[in-house]
Amino acid sequence: MRPIATMPLDVAARIKVLFADIDDTLTNEGRLPAVAYGALERLSAAGIAVAPITGRPAGWCDMIARMWPVAGVVGENGAFYFSYDQQTRRMRRNFAIDDAQRAANRERLEAVRTRILAEVPGAAISADQLYREADLAIDFCEDVPPLADGEVDRIKRIFEQEGAVAKVSSIHVNGWYGAYDKLTMSRSFAADILGVDLEADKSRIVFVGDSPNDAPMFGFFPNACGVANVLALRNRMDAEPAYVTTARGGYGFVEVANHILAARREVA
């Protein structure tokens, strides 16, 4: 991982889409700093399409798509994208799996939920579970005392033993049934909403993240960036970002935004 300041100016100046995780990437210690939200506004105003790519639930993503300065949001680790059209006042919702299958999957996840809570003391159901459409989120440090890495890995193994996909974020282990992740739904979002082919344009897209569930994005985008806290998890990720910031969380995200916007001014 190289410092974000070393991203060549001509590369940074050509960025036209910025995807970013939310927890511990846009936020810092559970809060969204004003400077991070301001960076979203500045990027959008500069004509760069911005979209959070998050593990957070559908209920949160509906609000984000409506109220934040973004082109849309991919939620629940790729279960859907939401994009709100301000002119028509219509929300476009696209799910990876249809309503009936999601309902069946939720029933299957109930058995996984029971097993995890019985076998991993200290784990809890995420406080945002009520607002989820497709996955089960197990809290290991957001609203509970932090669990050891071995216990986090144990939660992930239980999901996988039950035939589910499982991904570890900075705060939750998310599990679901379905062949999708952040990258697969980002492809659909980019094509449908932005008119962008991820494969053809990936050098002009930056993803910013911080944790193991971001690995598909880190591995795909050649100019992916990690905020500084990613360094603590580098041995737990399947792929690493090309660049890293000096600051953590939302303050690191501001570094990325500033570098891209300064490069645009410099090259113009």
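This is a predicted model: local features need pLDDT of at least 70, side-chain atom pairs count only at pLDDT 80 or more; totals for chains, interfaces and linings use all residues.
Strand 4 is joined to strand 5 (residues 80–85) by three bridges, and the two run antiparallel. Within this pairing, Val73 has Phe82 of strand 5 as its bridge partner.

Open spaces were examined next. The largest pocket has a volume of about 640 Å³. Its lining comprises 32 residues, and those nearest the centre of the pocket are Asp23, Asp24, Cys141, Ser170 and Ile171. Two elements, helix 3 (58–67) and helix 5 (149–161), each give two or more residues to this lining. Helix 3 gives the most, with three residues. By class, the lining of the largest pocket divides into 16 nonpolar, seven polar and nine charged residues. Both domain 1 (2–96 + 180–267) and domain 2 (99–176) give residues to this lining, and the largest pocket therefore lies between them.

The second largest pocket holds about 190 Å³ of space. Its lining consists of Asp153, Lys156, Ala166, Lys167, Val168, Pro212, Ala215, Pro216, Arg236, Met237 and Asp238. The elements that give two or more residues to this lining are helix 5, strand 9 (165–168) and helix 8 (215–220). Strand 9 provides the largest share, three residues. The lining of the second largest pocket contains six nonpolar and five charged residues, but no polar ones. At least three residues of this lining come from each of domain 1 and domain 2.

Two cavities of 30 Å³ or more were counted. About 80 Å³ of space lies in the largest cavity. This cavity is lined by 13 residues, of which Asp23, Gly55, Ser169, Ile171 and Asn213 are the closest to its centre. Asp23 and Ile171 are also among the residues nearest the centre of the largest pocket. The lining of the largest cavity has one nonpolar, eight polar and four charged residues. Because domain 1 and domain 2 both give residues to this lining, the largest cavity lies between them.

The second largest cavity contains about 40 Å³ of space. Ala79, Ile97, Arg102, Asn105, Ala134, Tyr177 and Tyr180 line this cavity. By class, five of these residues are nonpolar, one is polar and one is charged.

Note on methods: Residues are numbered from 1 along each chain as its sequence is written. Side-chain values use heavy atoms; hydrogens and water are left out. Two strands pair if DSSP finds at least two bridges between them. Helices (H or I, at least four residues) and strands (E, at least two) are DSSP runs, numbered from the N terminus. On a 1 Å grid over the protein atoms alone, a cavity is a set of points where a 1.4 Å probe fits but cannot get out, and a pocket is an open set with protein on both sides within 12 Å along at least five of seven lines; lining residues have an atom within 4 Å of a point. Grid points are joined across faces, edges and corners, and a volume is the space filled by probe spheres set on the points. Ala, Val, Leu, Ile, Met, Phe, Trp, Tyr, Cys and Pro count as nonpolar, Asp, Glu, Lys and Arg as charged, and the others, Gly among them, as polar. Domain bounds come from an automatic or database domain assignment.
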